[in-house]
Amino acid sequence: MTDTFEGVIRELKAKRKEERWKNYDTWKRSCCCPDCPSYNECASGGRELLYCILGMSIQCVREDRHCICKECPLYSTLGLSGKDFCMKGSEAAIRYERSVE
Ligand code: SF4
Ligand code: SF4
């Protein structure tokens, strides 16, 4: 069975960078992070979103106050399996970490 996330990455890889960013910007509109208790003013000011794809918060989210990613419409669309992406890194990074013994 094809893994949904791998399929998403395969499709992204086939696109030019400019096209990829159009995808990211579209997905950002559905990102629920601003409703999450862990999300803060710093993250909002930096317009940080879509951590599951773009990676962890560079300097804003440091305190785990819960994660609502599993309630996000993108969670199943993108075939995600992790959580706390703002603090742990993207789904791809989390999958890589899992693969390291
Ligand atoms: S799964 Fe989480 S990080 Fe990804 S778009 Fe949804 S709320 Fe944002
Ligand atoms: S990735 Fe999860 S924990 Fe981080 S802000 Fe988004 S919903 Fe909250």
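His66 sits in the loop between α4 and α5 (73-77). Its phi is near 110°, a positive value in a residue other than glycine. This is a predicted model: local features need pLDDT of at least 70, side-chain atom pairs count only at pLDDT 80 or more, and totals for chains, interfaces and linings use all residues. Residues are numbered from 1 along each chain as its sequence is written, and chains are lettered from A and ligands numbered from 1 in the order in which they are written.

**Loop residues with positive phi**
- Most residues other than glycine have a negative phi.
- His66 counts as exposed, with 9 C-beta neighbours inside 10 Å.
- Arg47 is not a glycine either, yet has a positive phi of about 50°.
- Arg47 lies in the loop between α3 (41-45) and α4 (51-54).
- Arg47 is exposed, with 8 other C-beta atoms within 10 Å.

**Overall fold**
- The protein has seven helices and zero strands; helices (H or I, at least four residues) and strands (E, at least two) are DSSP runs, numbered from the N terminus.
- The radius of gyration is 13 Å, close to the 13 Å that the globule rule gives for 101 residues, so the protein is as compact as a globular protein of that length.
- That radius is taken over C-alpha atoms, and the rule is 2.2 Å times the number of residues to the power 0.38.
- The C-alpha trace spans about 35 × 35 × 25 Å along its principal axes.

**Burial**
- Buried residues make up 23% of the 101 residues.

Note on methods: Buried ≥ 20, exposed ≤ 12 C-beta atoms within 10 Å, placed from the backbone.
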